[in-house]
Amino acid sequence: MKQGQKVRPAGPADASMTLLNEVMKRPLDPSYLEVAARKAAGLDTGPRGVRVAWVLVAAALLGAFITTAVVSLREPKDGVVQARALLVDRITRGRAQVASLRADTATMSQRIAALQSDALASSDPELLASLNQYEVVSGAAAVSGPGVRVTLDDAVGIRQNPDQADPSSRVMATDIQEVVNGLWAAGAEAIAVNGERLTSLSAVRGAGLAVQVDLSPVLPPYSVEAIGDPATLRARFSRTSASTRLEWLGARYGIVSNVAGVDRLQLAGAGQATLLYAAVHVPRAVGTNAPTATPTVATPSTPAPEGNTP
Amino acid sequence: MIALIGLVIGVVAGLILEPSVPVVLQPYLPIAVVAALDALFGALRALLDGLFDERVFLVSFLSNIIVAALIVFIGDQLGVGSQLSTAVVVVLGIRIFSNVASIRRQLFRA
């Protein structure tokens, strides 16, 4: 036989996929065929009794192993349920604790505020006046007065079956941000979202589908309350991009919104601000109360000079 | 037949005794079960084709489980455990599917 005549057999077109072909086209263990062929040829011999015992023991062991595996794989379900219940319980208790601590903080802040104004009323009435003004502006103090209430709610579909409807027909944090910014631009003096007063340091943010105001979650329907002259506020708000956005949200996603003037709104204060910067107040002569010289209001952007009491 | 009896004995023993699996082996149990399913369907098909052999069944059963667990173990050591588990599940899944398809053809001629 000449070497030159030896032609390499042309492989199948899918030769590069032998692994996949092996899996797809020969799912049956090839040894079944081999053993069947050997049996047909009469080659299959061996001590019968020993084999029976061997097969029996091996099959029993495998069966026991697989049963154990399945049983132990099914078992943790109870554990998961228990863990879930435990977590739910802890969350509920944690929430109750947070609520009571918040109430404590509110009473404490009130007492501090009362003591502060008592102390200042006698020693420095002018400082007290500017402090009160700063507290209103920064959102620390509770305020009330006429204003505008903007309500937003998820589309009707979402409220009926929350799992199936389009998630973009929910009210997003950006929508509320836009409304809040529009109200500020329209001249609102104080704003609260679902009772959470917005301070100069507040943020309306989205965490997944949830909306957070100052890190505390708020739930729909959202009510954004702004204090200011209702007529002016409404007129000027309707000219902002927020108003256009609300219309678009309603037309495109079915988000329900409403802007209404309210005679009297009561906005809670955000409470005592955490002091990030403080200095000992030196009483000065009356009339030289420049705003830069009143370090009582906490401003995080102010770099703390050395030597100040923290 | 003997293998079937043995399996039934093993299953009953496993249900009654409820031995606990060592924690070290826990990650390999799902893969082992899938491998066992593959061997079972392979055996069923061989039975319908008239090719069934107990020894081949047991050896394929055992080797399937051991190889699948070994692949996952090596994957875990290399940091690609979940990917290799996916690979094993895909391969065994394809085999189960084609075996079941051929069983269906045998049984219903369709």
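**View 1. The five-stranded sheet of chain A.** In this predicted model, five strands of chain A form an open sheet in the order 3-2-7-1-8. Pairing in this sheet is antiparallel. Strand 3 (196-197) and strand 8 of chain A stand at the edges. Each has a single partner strand, so one side of each is left without a neighbour in the sheet. Helix 8 (residues 230-237) of chain A packs on the sheet. Helix 8 of chain A touches strand 1, strand 7 and strand 8 of chain A, and its direction makes about 35 degrees with that of strand 1 of chain A.

**View 2. Strand 1 of chain A and its partners.** Strand 1 (residues 143-153) of chain A runs antiparallel to strand 8 (residues 256-267) of chain A, and 10 bridges join them. Look for two of the facing pairs. G145(A) stands opposite L265(A) in strand 8 of chain A. T151(A) stands opposite N258(A), also in strand 8 of chain A. Strand 7 (residues 222-227) of chain A is joined to strand 1 of chain A by six bridges, again antiparallel. Here V148(A) stands opposite A226(A) of strand 7 of chain A. In a regular strand the side chains alternate between the two faces of the sheet.

**View 3. The three-stranded sheet of chain A.** Three strands of chain A form an open sheet in the order 4-5-6, with antiparallel pairing. Strand 4 (204-207) and strand 6 (216-218) of chain A are the edge strands, and each pairs on one side only. From one strand to the next, the twist averages 40 degrees. Strand 5 (residues 210-213) of chain A is joined to strand 6 of chain A by three bridges. V211(A) has V218(A) as its bridge partner in strand 6 of chain A. Helix 7 of chain A lies across strand 4 and strand 5 of chain A. The angle between helix 7 and strand 4 of chain A is about 175 degrees.

**View 4. Helix 7 of chain A against helix 9 of chain A.** Two packed helices are described by the angle between their axes and the distance between the axes. The axes of helix 7 (residues 173-185) and helix 9 (residues 241-253) of chain A come within 8 Å and cross at roughly 145 degrees. The crossing is left-handed. Helix 7 of chain A contributes D175(A), E178(A), V179(A), N181(A) and G182(A) to the contact. From helix 9 of chain A come S241(A), A242(A), S243(A), R245(A) and L249(A). By class, this contact has three nonpolar, four polar and three charged residues.

**View 5. Helix 5 of chain A and the glycine after it.** Helix 5 (residues 125-138) of chain A has 14 residues. Its first and last C-alpha atoms are 20 Å apart, close to the 20 Å expected. Just after helix 5 of chain A, G139(A) takes a positive phi of about 90 degrees.

**View 6. Helix 2 of chain B.** Helix 2 (residues 29-49) of chain B has 21 residues. The helix reaches 30 Å from first C-alpha to last, close to the 30 Å expected at 1.5 Å a residue. Its buried residues include I31(B), V34(B), D38(B), F41(B) and R45(B). Just after helix 2 of chain B, G50(B) takes a positive phi of about 75 degrees.

**View 7. Where chain A meets chain B.** Here 29 residues of chain A are in contact with 37 residues of chain B. On the chain A side, helix 1 (18-25), helix 2 (30-40) and helix 3 (48-74) each supply at least two residues. The largest share, 19 residues, comes from helix 3 of chain A. By class, the side of chain A that touches chain B has 23 nonpolar, five polar and one charged residues.

Terms used: Residues are numbered from 1 along each chain as its sequence is written. Chains are lettered from A and ligands numbered from 1 in the order in which they are written. This is a predicted model: local features need pLDDT of at least 70, side-chain atom pairs count only at pLDDT 80 or more; totals for chains, interfaces and linings use all residues. Helices (H or I, at least four residues) and strands (E, at least two) are DSSP runs, numbered from the N terminus. The expected span of a helix is 1.5 Å times one less than its number of residues. A residue is buried if 20 or more other C-beta atoms lie within 10 Å of its own, exposed if 12 or fewer, and partly exposed in between; C-beta atoms are placed from the backbone. Two residues are in contact if their C-beta atoms, placed from the backbone, lie within 7 Å. Ala, Val, Leu, Ile, Met, Phe, Trp, Tyr, Cys and Pro count as nonpolar, Asp, Glu, Lys and Arg as charged, and the others, Gly among them, as polar. Axes are lines fitted to C-alpha atoms, for helices over the stretch in contact, and angles run from 0 to 180 degrees between N-to-C directions. A crossing is left-handed if the near helix is turned anticlockwise from the far one by less than a right angle, and right-handed if clockwise. Two strands pair if DSSP finds at least two bridges between them.
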